[in-house]
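I opened the notebook to look up pockets, cavities and helix packing in one structure. My entries follow in the order I made them.

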Amino acid sequence: MNSWFAIEGSPTPLGVTWIPSETSFNFSIYARNATGIILLLFREGNYTEPVAELVFDVIKNRSGRIWHIRVALEDAQDARYYAYRALGEFNPSQGHRYDPQKLLLDPYARGVFFPPDYSRGACAQPGSTMGKAPLGVLPPNNSESYDWAGDVKPPRHQHDLIIYEMHVRGFTRDPSSGVAINERGTYSGVIKKIPYLQELGITAVELLPVHQFDPQEGNYWGYMTLNFFSPHHAYSQFPQRCKQMDEFRDMVKALHQAGIEVILDVVYNHTSETNELGPTYSFRGLDNLTYYLLADNREYYMNDSGTGNVFHTSNRYVRHLIVESLRFWVKEMHVDGFRFDLASIFTRDSNGGVNLIDPPIIAAITSDPDFQDIRLIAEAWDINSYQLGSKFPGISWLQWNGEYRDTVRRFVKGDEQQVPALMSRIYGSTDLFPDNLPDVYHPYQSINFITAHDGFCLYDLVSYHHKRNLANGNNNTDGTDSNFSWNHGWEGDENLPNDILLLRKQQIKNLFTILMLSNGTPMFVMGDEFLNTQHGNNNPYNQDTEISWLNWHQLQQFPDMFRFFKLMIQFRKQHPSIGRSRFWRDQVKWYGTSGAVDLASYSRTLAFCILGATEFDDDIYVMINAYWQALEFRIQESGAWHLVVDTSLSGPDDIVDTNESLLLTSDSYWVNARSVAVFIKKRE
């Protein structure tokens, strides 16, 4: 008996699937408003003359909005790549942008190939893109699969979760990384540095986008996604062999074996096709009305992402694409979590309005059983909507806390009126993540950070009053001007006096100490631990240069800073009373220098004591002095207190092991100007 699917093809699953029992490929693609679909197959080495052009029958090869066809292996004629052409109306005023001369990439392709004559410019202009457009990679027609044997999912880190934001290429691209030339800037290069991550104490890496992005768009960070199912080819040692998928898996497997979680920064809010002047690669040519939110005049795109377009995430087929992409990275690539760029876009309805009640895409992701043990992290804002905390409808999601960043920066810099806000941020930002009925948020849902890829790195934060972004080519107009930075009396590094450098190092230790002592989930950026600099560039999104590459010589130059970071991370891990599932409540006592907290606008001091008994932990007493003179703090909790951290001291005295800590023989301690002191009372 003949199978209908064997003759006509199957509408599910979307994408291309190898059918071993039939030695055939099944092709399935969504194109609701297309009047015709043509499949093109290409052999290796010839990208202008397809070996086959298969026209889909409007009746036989279509089910609902999906076009599908079955192609026997012998009819594929040794093809390795494929693309589509879509027929339909070109009427921008009605939202249709069909162009049969454009080769279109399958949104579900598991690999992307760029022919030698690939051209973003050609894809943005009228005319044929034969030989100039990205192609999908056909799956292998054999039963070989990746050997995941030995992959052990790391423990779901709790109080010991330390997130390290890093760029796969920038992490090892510089020759100073010591990684072999062919592995620099690759997934394999990350593997070589795992011992370093372990020594530092990292338990999760958050990778800037690794979804395949447009190599000619000029976005080094990778925030201009081309395809949601394939690892970026240029991060592989073998980009032209399309082996990047297995190299990525090798990296994940190795990180897991080291007990390190892998979190991906993902961009589902827009694509690299940008606005109406951008290239036609895939979504625009297949069904512009479905994939993008359009303005009232459908010739133009909504732009709440600030990049030219907004993905139509409230549409069920777009929603399916996103969920299946996430499922692919979880099930087939074994990643442990996702940080969603501009996640507020997920609240947009089909008219561009904001739905904070029950956005379909957030509900679909949150309720999917495959994501129940996966970290979901939101960047809860976009150009027109700021939804930090309980405003964001993903109630169980973690969120990047920009309020934490700004408050800690301002307090350490010495700004007035920051003490009440600092108390809230250290406590876990209960004002943003309330734990009263009906919400009951957890403090760990606040991703506490002082620096991220977007903005000054930690050293530049204390070294530059003004951004220096001229290299980006935008006349220094890009990047935020609201940095809350301070150069400490000397702009940049040229002829830098040693006393200024020492003060900057002390301030960095202050910032990191506060981060490690705050309830919530800490995150910092690669290189902050050894004073890596981007020379004042606070938006190097297009800098695939030494500006963005990690300079590992800094590690040899500032081993004292690396040691401080490492031991401060170790201290946090050793004391589960700091990072808790619940807010501290009566397990924290707030003080000033000699009595109650000074909440006056001019106050620049704060002390607090975390009681550890309920967590079978030591008590911790913290004194913070952001004032420009030394101040005497009286310890207002009885007991034998041991000094473990004083950021005003030089290494190795600035932080010591608990067993080497000095017993305080007085009930007070002079905290030097702009410094932090930390004491412990050992549990009996």
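**Helix pairs**

I looked up helix 14 and helix 16 and found that their crossing is right-handed. The model is a predicted one. Helix 14 covers residues 498-516 and helix 16 covers residues 559-574; I read that their axes come within 10 Å and cross at roughly 15 degrees.

I then listed the residues in contact. Helix 14 contributes K505, I508, K509, F512, T513, L515 and M516. From helix 16 I noted D560, M561, F564, F565, M568, I569 and R572. Sorted by class, the residues of this contact are nine nonpolar, one polar and four charged.

I turned next to helix 9, residues 316-331, and its pairing with helix 10, residues 360-367. Their axes come within 10 Å and cross at roughly 30 degrees, which means that helix 9 is roughly parallel to helix 10. I recorded this crossing as right-handed. On the helix 9 side the contact is made by R319, I322, V323 and L326. On the helix 10 side I found P360, I361, A364 and I365. I counted seven nonpolar residues, no polar residue and one charged residue in the contact of helix 9 with helix 10.

**Largest pocket**

I looked up the volume of the largest pocket and got about 1400 Å³. It has 42 lining residues, and I noted R110, L138, P139, P140 and M245 as the closest to its centre.

Which helices and strands each supply at least two residues of the lining? I found strand 1 (15-19), helix 2 (73-76), strand 15 (225-231), helix 7 (244-257) and, again, helix 9. Helix 7 gives the largest share, with five residues. By class, I found 21 nonpolar, nine polar and twelve charged residues in the lining of the largest pocket.

**Cavities**

How many cavities of 30 Å³ or more does the structure hold? I found five. For the largest cavity I noted a volume of about 180 Å³. The lining of the largest cavity divides into ten nonpolar, six polar and two charged residues.

Technical notes. Residues are numbered from 1 along each chain as its sequence is written. This is a predicted model: local features need pLDDT of at least 70, side-chain atom pairs count only at pLDDT 80 or more; totals for chains, interfaces and linings use all residues. Side-chain values use heavy atoms; hydrogens and water are left out. On a 1 Å grid over the protein atoms alone, a cavity is a set of points where a 1.4 Å probe fits but cannot get out, and a pocket is an open set with protein on both sides within 12 Å along at least five of seven lines; lining residues have an atom within 4 Å of a point. Grid points are joined across faces, edges and corners, and a volume is the space filled by probe spheres set on the points. Helices (H or I, at least four residues) and strands (E, at least two) are DSSP runs, numbered from the N terminus. Ala, Val, Leu, Ile, Met, Phe, Trp, Tyr, Cys and Pro count as nonpolar, Asp, Glu, Lys and Arg as charged, and the others, Gly among them, as polar. Axes are lines fitted to C-alpha atoms, for helices over the stretch in contact, and angles run from 0 to 180 degrees between N-to-C directions. Angles under 35 degrees count as roughly parallel, over 145 as roughly antiparallel, 65 to 115 as roughly perpendicular and the rest as oblique. A crossing is left-handed if the near helix is turned anticlockwise from the far one by less than a right angle, and right-handed if clockwise. Contact means heavy atoms within 4.5 Å.
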